[in-house]
Amino acid sequence: MFNIFGLSKYNNNYNNNYKLLVVETNSNFFKTFRKYKLYFLTTFAMVLLFSSFLAALTVAPKLSSAKDTSNSETETLPTSIVQDRTGIIKSAEDHELDYNNDNRLASKQFFELLQDTNNTFYDEENGILGTSFFSQNVFSRQPYVANGYIGSRIPNVGLGYARDEITLFTNESAALNNDWPQFNPRYAGSFVADFYALEEHLTKTNYPELDDKGYPNIIASIPDWTDLQFKIANTPLWFNALNVTADQVTNYSQNMSMNNGIVNTTMDWLDGLLHVSSQIIAHRDIYPLGFVNLEVSLNTENLPANFTECPLEFFDIFNHNTSWRTYLQDSGYDEKNGGIFMVVEPDNVPYNNAALFSTAELELLSSTGDVANNVSFSASESNLAGIASQTANVTLTKENPKIIVRKYVGVMSSTFSLTNSSNLDTAASYANEYKGQYTQLLASHDAAWAELYGDAKIEIPSDSFLELAAKSSLFHLLANSRPNNVTQERGMLMPVSGLSSDSYGGLVFWDADMWMTPALLPFAPKVAKNINSYRNATHHQAQLNAREYGYAGAVYPWTSGGFSNCTSTGPCVDYEYHLNIDIAFSTLSLFLSGATEDLNDDYLRYTTWPLVKDAADFFTSFVKLNSQTGKYETLNTTDPDEYANHVDNGAYTNTGIKTLMKWATDIGTHLNESVDSKWMVISNNMVIPRAESGITLEYTGMNSSVEIKQADVTLVVYPLDTIDDPISAAYAINDLYYYSGKQAASGPAMTYPVFVAAAQSLLNHGSSSQSYLYKAIVPYMRMPFAQFSEQSDDDYDTNGNLNPAFPFLTGNGGVLQSIVFGLTGIRYSYDMNNHTKKMDRFLKFDPTELGTLPQGIAIRGFHYMDNVIDFIINDTNGTVVNKQGNNSITIMVPNRDKYDDTNVHFYTPSNNTLKRRSYCQVKVADEGIYYTINPGQELVIPVYKPLLSVKGNLAEHRQITNLTSGVAGDVGLSAVDGNNYTHWQPVDKNNAKLLIDLGSEQQINKGYIDWGSRPAKNISISILPHSELLESLFTNVTSIIENSNGTTEEATAEALAYLEQYMSSGNGSISGTCSSDISDILNWKLGSFNNMIQSLPDIEPLRETFITIVDNQNVVPSLPYYSELAVTEEVVLLPGNITTFNVDYSKVKYDTSLSCLPGASSDDWKKARYVVVSVQGTYDNDTYPYGATLNEIILQS
């Protein structure tokens, strides 16, 4: 058996704590093992007597056709990895993490890897994201406002409605559209929650034949409520999203606050004549209220000498043409209430409508800031159909140079209204009640946001990029949801794109249950409960759906909105049945969290139990017993991987059914309800398809040619959390490695968050949980407003002619889960108490040292069992603080020693056939340690310290940056994360460079590269002599910039002055012979250094040349390419190809005259902190443009 990390030695020397088992690849073994576990333990010594013999026969098959790479360059890992993690309970203390400024600065390199970052900014201290570039309208560059009930995407001018005008990658007009199912143009418009139309047919659906049974539903947008325009009187010059052009705009800025959700837009217009500023707010607590603040002022210093006045006409507008899929019921000017109104109904739903009412006020300010005049709006004389407007005229002069216009909008829909008044009367009452209270509204809005956030906070001291991903993900989820529900009878819908887009028709998918709800539950449990209430509210329809198709229980449609019947977009059968498991999981998670006082046994009985029981009853009537095998199967299903539709025995679905049946049995037992005995029969006999190699097949008949759309099999590890013994863990580890290399590069943001959690819980070596985390964010997050795209590649021409859903709240939910649950090992769980027959709730916590995140992470404000908890993980300990609440909590720390991630089932050829025996090595161990923490106490346990995957590897989990571009979705960290099934691949195979910071000066004497499926043609290794001098320089420049009391420009000037003085003390006289590598390093570490260096050409000697210590070494694969691999359909893990190198410093050309740093000497030049790894070409010399796949870089002293 190969060691997966060392790759060169068979691991035949088993520690005496282990026993070797020959494992059957069917579920009978698991049943037998659990039943006779005591018997197996008593025969432990007997098994050990035969261990060496068995190892010779079954563990170490000979590689007759493979090169033996056993040598001193690679090391075998120890299999004994027991670590003492005994905790202590003591009085709670305050815990502050140490912030690592050096790493934090370096982490900003990840911003550069994001798409479209030019002219964007992030004010970290104030939580503000923005841009200084006035772009034509395109979805990914637009902010939005939302409060969980109303929302509006904001165009470039900061107000009104606009269709997308450009695409960023292609001239293809179809790229201006949204995607399935409606394919209408993208637009910045307004929405109100739960406002759905019924359309006879949509552009494209999965099951069009179902249209005959009922129209599909789709979100209807409402007239844009932010529309406030003005023009210069008696001219064609309009300020609105349609007419303002980039050549008219200077000093532009648009930003969005993650602290309060307000969007601010400012600019100078018409050669600086006017300064225009706007703020859009959807009130956080008063859901039906939105308001707009528009300020227009003369730039008095830019006025021409003959200027006298500037007459302006303002228009407050509702335009039905900005609403999609609605019928106009009524509109006009309401003289009594002093405002305009519009009432629309969604297509084919005449009993539902949404009413909008707007009232506005206008103040003219003098040059001293006093109110010179209050101007009233009056009915517009416009006769345009479908438009309601009111106007006001005002003239700006030098004496009265500024005007403030404030628009207050009430929005009320039938699904939200609980009064006997009409929606229009209710909307008008909201607008008029708060008119004139702008300052008070801002204060109450900010207070409501602060209350919603509470203590919730995620700290990652070493990485500002990951902190932004976490903070923005929580913000976007909260902005599009609400803690206060209308009624429990309706619940709250959580569409994929929230309240600022009609992507995916505004429909609700499993995304709400498995991706968003678990992410919100720790921080906003009332919001999570409201999302789940929607499933409870539509449960009766799900029961009717099941009866329609002859099944018991309840079955939910794949998509739903205002209606939950089976439709062409949301089939109930012959598709993704796993949705019913996901809904059960979501509601059970709420109970297990006990996050609020009402998530108790009553909730379990009246909400969770009906959903879980009906799901179990449905699957009991759905699964098929195979009379030959005695196993239960599922036919014609689709798992989350939608590249594989209509298959049998989807692994995630079948594992979910197996798990669901146990949930139903346990809940029923706990509540003393009737339990169907067949549930556990099905649970114990569900088919889980596996290959001969032991790898779990995604479905029956899957072969090795698959490309996987998104996480699928790995979902059984997280979130289902079904890995509870060494055998299932052994399978899961193999699955993790195998499917890591099968994910589609352009797949959705629904993959790597799951891999984060799986790697953290299963792997005791390396730091790949963190590299997966970057892969979950970098390809998908879009600046300037940190919104997620559904796809890693938004280019219509290269991604299969797909237009991504945007914003993709599913991605936000995934990232938040990957940090909160993935990096920490936190899981909601329970044990069945054999004595009381009750479910005892507890929380798993499995802190590990995070190698690439020094100083660790903190999760604050986590709600559990009606308490508020903090989780802190640093480099030494994991701490659980029960800081607020009256309840004791139970924490279980799992025993990681029972998992062994070093032994992997590799494909090894024998006589050109594909065979292998099914075996694995396991260690039987206890599940973990349970702790009870009382209020005001904390639990402190040592973190589990993952071992290096290769002994003595200087590069593992060190900081790394790619100096040349990688393919979409790849991050450089994958090449040093200790996982040989993650990789980095360059876009250009002729030019690929990675820069590694070893953390301190080290002498590299040897090492090797582990390749993926594409070895390079040759490799080079270069080092930077005198790294410590460079580090000193970096530290000094950083200190100057951080401690400067001046502006950014002044701080830069101070740093430049220091550099000039520094270089003048050295022998810098070789500007023509040095490269830019040092500049690359300082740019990585400081971000702004390149700009500084370019402004001082005299400091060119700072760019000292790297010294090449391995020069264009030819790559010879350590294992030959097996011809059958090109045609085999077998699902197997392939061993990596490695290329070893040794450094002969006597042959290295080092010109001591290149020691151009002051203080440098020729001594100890072999020691270096910064290393560049370069690879060129591919071994096969094929025509594919992408370069080699670097699975792992190993550098040793």
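**The open sheet and its surroundings**

Modeller: The open sheet consists of six strands, arranged in the order S2-S39-S35-S34-S33-S26 with antiparallel pairing. The edges are taken by strand S2 (88-91) and strand S26 (457-459); each has a single partner strand, so one side of each is left without a neighbour in the sheet. On average, neighbouring strands of this sheet are turned by 20° against each other, direction ignored. The model is a predicted one, and this applies to everything below.

Within the sheet, strand S34 covers residues 867-873 and strand S35 covers residues 877-884. These two run antiparallel and are joined by six bridges. In this pairing, Ile-873 is placed opposite Gly-878 of S35. A helix also belongs to the picture: H20, residues 809-822, lies across S26 and strand S33 (857-864). The direction of H20 is at about 95° to S33, and S26 is one of the two edge strands already named.

Next, the backbone. Most residues other than glycine have a negative phi, and most peptide bonds are trans.

The peptide bond from Trp-180 to Pro-181 is cis, and its omega is near 0°. Pro-181 sits in the loop that runs between strand S7 (162-163) and strand S8 (187-188). Tyr-718 and Pro-719 are likewise joined by a cis peptide bond, here with omega about 15°. The loop holding Pro-719 is the one between helix H16 (678-684) and helix H17 (726-740).

That loop between H16 and H17 also contains Asp-721. Asp-721 has a positive phi, near 55°, although the residue is not glycine. Its relative accessibility is 24%, so Asp-721 counts as partly exposed. Asn-348 belongs to the loop between strand S20 (339-346) and strand S21 (354-365). With a relative accessible area of 46%, Asn-348 is partly exposed.

Now the helix packing. Two packed helices are described by the angle between their axes and the distance between the axes. For helix H13 (residues 578-593) and helix H15 (residues 651-671), the angle is about 40° and the axes are 10 Å apart. That angle makes H13 oblique to H15. The crossing in which H13 passes H15 is left-handed. On the H13 side, the contact is made by His-578, Ile-581, Asp-582, Ala-584, Phe-585 and Leu-588. H15 contributes Tyr-652, Thr-653, Gly-656, Ile-657, Leu-660, Trp-663 and Ile-667. Sorted by class, the contact of H13 with H15 comprises nine nonpolar, three polar and one charged residues.

Finally, the chain as a whole, as a setting for these parts. Its secondary structure comes to 24 helices and 47 strands. Of the 1197 residues in the chain, 63% are buried. Among contacts in the chain with a separation of 6 or more, 75% are between residues 24 or more positions apart.

Terms used
Residues numbered from 1 in each chain as written. Predicted model: local features only at pLDDT ≥ 70, side-chain atom pairs only at ≥ 80, totals over all residues. Heavy atoms only, no water. Pairing = 2+ DSSP bridges. Helix = DSSP H or I, 4+ residues; strand = E, 2+ residues; numbered from the N terminus. Axes fitted to C-alpha atoms, helices over the stretch in contact; angles between N-to-C directions. Contact = heavy atoms within 4.5 Å. Buried < 20%, exposed > 50% of the residue type's maximum accessible area, 1.4 Å probe, protein only. Parallel < 35°, antiparallel > 145°, perpendicular 65-115°, else oblique. Left-handed = near helix turned anticlockwise from the far one by under 90°. Nonpolar A, V, L, I, M, F, W, Y, C, P; charged D, E, K, R; others polar.
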